Amino acid sequence: MMDGAEGYTVRKSMEILVALGDIYGAESLIDIGSVQVSGVSYSNLGDAGLEFLDELAKDGKVRVLTTLNPAGMDLENWQQLGISPEFAEKQNLVIKAFEKMGILVSCTCTPYLIGNLPLYGEHIAWSESSAVTFANSVIGARTNKEGGPSALAAAFVGKTPCYGLHLDEKRIPDIHVQVKAEFTKLSDWGALGYAIAKKAENKIPYITGIKKADLDELKSFCASVVTYGAKPLFYIRGITPGSEEQAEPKETVLIDQVDIKNAYDNINDPVTRIELVCIGCPHCSINEIAKAAELIKGRRIAEGTEFWVATSRSAKQLADKRGYSAIIEEAGGKFACDTCMAVAPLKGRFKSLATTSAKGCFYSRQNLMKTKMGSVEECVEAAVTGKWSS
Ligand code: F3S
């Protein structure tokens, strides 16, 4: 492979994987079960990125199930989201290159909800931080937080260097986080992720004091805790796999209601008028779409405000069948399939955002928006009034 016997792309990929392995002291490459590739939005790739992908697509074919992160637009209804034809043309070229490589054009950051669901203990090479954290912590699969190119390289070779979170000894938690706080809404999990990340810094938290957590809450927590600085692996005692086998680390920190409030204070900006409301970071599950539909039924999105539901195309198709999409669209809401508020080219277009997601706030600030984080109820209220009220 290194000598080029299997073509240009495999040789290039091996060069990347071997270089990474050397840097991190990997002793071998290991087989992987699947890959999730980030770096799909033309907004982030630009022409240089597109050229790089075209080059790889000439003879590169993936060897394992490979799914794609969100792109810079809804691949079908991009006009509806105000995307320019010039951007759409470039984005479609990016997608074509990925398609040519044999990658599933899934365009979602929740690949585990649409069929790319690894097994417990399986080695994978994923490169979307929230999905990496979910795979490591909630599923118990094993992956480092790959970059776009290293994930692609792993897909072309079917292997990844064995270091970091692939190894038992690197998956041992190193800080005990005692949680003494109440959670009443989805966004509280984003606030918890923020609070833990700030106290655990670049460590693996072992979390106690949480009695229950559903899939959407864990999904939201995964996105937040890694965005704000923790390692992409945590254990919640009694909830996530492997937590019973791990010992409580000696170093202990406490998270209480004051920390949760501080997290909201840090994530929220002083803004009242809301121009964009976006739920679905990470991409909405069907349950989240159902809830939004229930809340918005019979109401109308305010003039001058947009309401986006970011989700995978598969979840949208299910929502179509169950009638949720019609309810949301009748109210004036829009589906943002295949994309999200962070990777769509939104800089300068909206001045303010309301969302359920701590990660969504982090990236929207980079897109120069003022942010508010709250429950789905508060977000729907902001969408129909154009204002944040609490
Ligand atoms: Fe997904 Fe975009 Fe959030 S990629 S995790 S919806 S920032």
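Which domains does the shell around the ligand draw at least three residues from? They are domain 1 (8-168) and domain 3 (268-385), with bounds from an automatic or database domain assignment. Please keep in mind that this is a predicted model, where local features need pLDDT of at least 70, side-chain atom pairs count only at pLDDT 80 or more, and totals for chains, interfaces and linings use all residues. Residues are numbered from 1 along each chain as its sequence is written, and side-chain values use heavy atoms, without hydrogens and water.

**View 1. The shell around the ligand.** Around the ligand (a heavy atom within 4 Å) are Pro70, Cys109, Glu128, Ser130, Gly280, Cys281, Pro282, Cys340, Ala342 and Lys359. Strand 10 (residues 276-284) gives the largest share, three residues; strands here are DSSP runs of E, at least two residues, and helices runs of H or I, at least four, numbered from the N terminus.

View 2. Cys281 and Pro282 are joined by a cis peptide bond, with omega about -5 degrees. Pro282 has its place in strand 10.

**View 3. Asp338, a loop residue with positive phi.** Phi of Asp338, which is not a glycine, is near 65 degrees. Look for Asp338 in the loop between strand 12 (334-337) and strand 13 (352-355).

**View 4. Leu368, in another loop.** Leu368 lies between helix 12 (358-366) and strand 14 (370-373), and its phi is near 65 degrees. Leu368 is exposed, with a relative accessible area of 60%.

Definitions and conventions: Buried < 20%, exposed > 50% of the residue type's maximum accessible area, 1.4 Å probe, protein only.
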